[in-house]
Amino acid sequence: MKRWIRGLVLSAAVCAAPGVFAQGSFGPYVPTPTIIVDRLLDMGSVTGKDYLIDLGSGDGRIVITASKKFGARGHGIDIQEKLVALANQNAASEGVADKVKFVIGDIMEADLSQASIITTYLLPSTITKLVPKFLAELKPGTRIVSHDYPINPLAYEKVVSFDLEEKIKISGTPLTVLYLYVIPARVNGEWSLNLTAPGAAAKPLNLRIEQRPESIAGSVEIGGARVPLRDLKVSGEEISFSYAAGAAGAVALRGSVKGAQMSGAVVSSPTAAKSWSAQRK
Ligand SMILES: C[S@@+](CC[C@H](N)C(=O)[O-])C[C@H]1O[C@@H](n2cnc3c(N)ncnc32)[C@H](O)[C@@H]1O
C-alpha cells in the first residue's frame, strides 16, 4: 500500500477506534503494544547512554522499558494527570524510579533539549506542529522514532512496516509502521571549502547548501560556474557529498559538522588531496 494511503487508513482508524480509549481534546490514549515498544527501541538503537523523552507518555511503558532493557534514563510528558500518576507508579514497581520520571505538561511547551532520543505515538495533526520545535531544540544526531505516523515534512532515515494482529482492535488494521528520523546538523548557508593536498596551496571554493526540513541541495563554485552537489547527505553530524571537478573527474568527500566548522576525509579526488575542511562564511 502506498505510504500516504497507509497514513490515512491508520489515522482514520485510530481516530475511530470505538470506545477503546479515553479521548480528550489532546487526542486518544492508545498504549503501544509491548512487541512494538521493543521494535521501536531497537529501531532507535537505544543504549544506556541515552536520555529518552516520550511525548505523550501514557502509562510510561516506553520510557520504563528503555530503562529496564538498556539502562537508559529519561522522562515522559503527558497532559493527563491520571496517566502521569499511573506511569510514576509503574516506574516504581518496575524498580526504575531513580532513572525515569513522568511529568504533567503540554508537549508543545516542554523543553526537549536534553533528549538523545524522542519517541512518539501521536496523531499527524499534533506531530506536525512539533517539527519547528524539534528543529530548534534538538541536538544534531538526536533520533526520533514515530509509531504509525510520519513526521511531515521531515525526511525519514528509515521506515519499517509489519502486521500485528493486536493492532486490529486499536486501529482497525494489523498494519504497523515505524519511522526513524535523525536530526541533521544545521548546514544551511555559505561555506568556504578547502581541499588540502600535501605541499600545495589550496584555493578555497564557495560551497552553498540549501537545507530545508524536507530536502537538501547544494553547489560549489568552480571557475565561475555553479556545479551541483551529488548525493548530499547530512545525518546527525555526519555529512557526505560529491561533485564533478571538470574533465579531471569527481571529488567525493565525507566528514563531520561541528557548529561553524566541517572537516573530514577525501574519499576520491583527481588531485592528491587527502583531507578537507570548511568554515561557515
Ligand atoms: C496514543 S497515546 C501514546 C501513549 C504512549 N506514548 C505509548 O505509546 O504507549 C498518546 C498520548 O499522548 C497524550 N497527549 C496528546 N497530546 C498531548 C499534549 N499536547 N501534551 C501532552 N500529552 C499529550 C495523550 O494524553 C495520550 O496519553
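The legends below describe close-up views of a predicted model. Residues are numbered from 1 along each chain as its sequence is written, and side-chain values use heavy atoms, with hydrogens and water left out. In this predicted model, local features need pLDDT of at least 70 and side-chain atom pairs count only at pLDDT 80 or more, whereas totals for chains, interfaces and linings use all residues.

View 1. Strands (E, at least two residues) and helices (H or I, at least four residues) are DSSP runs numbered from the N terminus, and two strands pair if DSSP finds at least two bridges between them. Axes are lines fitted to C-alpha atoms, for helices over the stretch in contact, and angles run from 0 to 180 degrees between N-to-C directions.

**View 2. S146 in strand 7.** Strand 6 (residues 117–120) and strand 7 (residues 143–147) are paired in the parallel sense over four bridges, and T120 has S146 as its bridge partner. S146 is buried, with a relative accessible area of 0%; buried means under 20%, exposed over 50% and partly exposed in between, with a 1.4 Å probe and protein chains only. A polar atom of the S146 side chain lies 2.5 Å from the backbone oxygen of Y149. Leaving aside residues up to four places away in sequence, S146 touches T120, I127, I151, V177, L178 and Y179.

View 3. The order is 13-12-11-10-18-17-16-15-14, and the pairing is antiparallel. Its edge strands, strand 13 (225–228) and strand 14, each pair on one side only. From one strand to the next, the twist averages 25°. Strand 10 (residues 189–196) and strand 11 (residues 205–211) pair over five bridges in the antiparallel sense, with S192 and N206 as bridge partners.

**View 4. Two hairpins that involve strand 16.** Strand 15 (residues 238–244) and strand 16 (residues 250–258) pair in the antiparallel sense over seven bridges, and S240 stands opposite R254. Five residues separate these strands in the hairpin, and G246 in the turn has a positive phi of about 65°. Strand 16 also pairs with strand 17 (residues 261–268), in the antiparallel sense over seven bridges; L253 has V266 as its bridge partner. Here two residues lie between the strands, and G259 in the turn has a positive phi of about 60°.

**View 5. The second largest pocket.** This pocket has a volume of about 440 Å³. Of its 20 lining residues, A155, P184, R212, P213 and V234 are the closest to its centre. Strand 9 and strand 14 (230–235) are the elements that give two or more residues to the lining, and strand 14 provides the largest share, three residues. On a 1 Å grid over the protein atoms alone, a pocket is an open set of points where a 1.4 Å probe fits, with protein on both sides within 12 Å along at least five of seven lines; lining residues have an atom within 4 Å of a point. Grid points are joined across faces, edges and corners, and the volume is the space filled by probe spheres set on the points.

Conventions
A polar contact is a pair of N or O atoms within 3.5 Å; within protein, one must be able to donate a hydrogen and the other to accept it, and residues adjacent in sequence count only if both atoms are side-chain atoms. Contact means heavy atoms within 4.5 Å.
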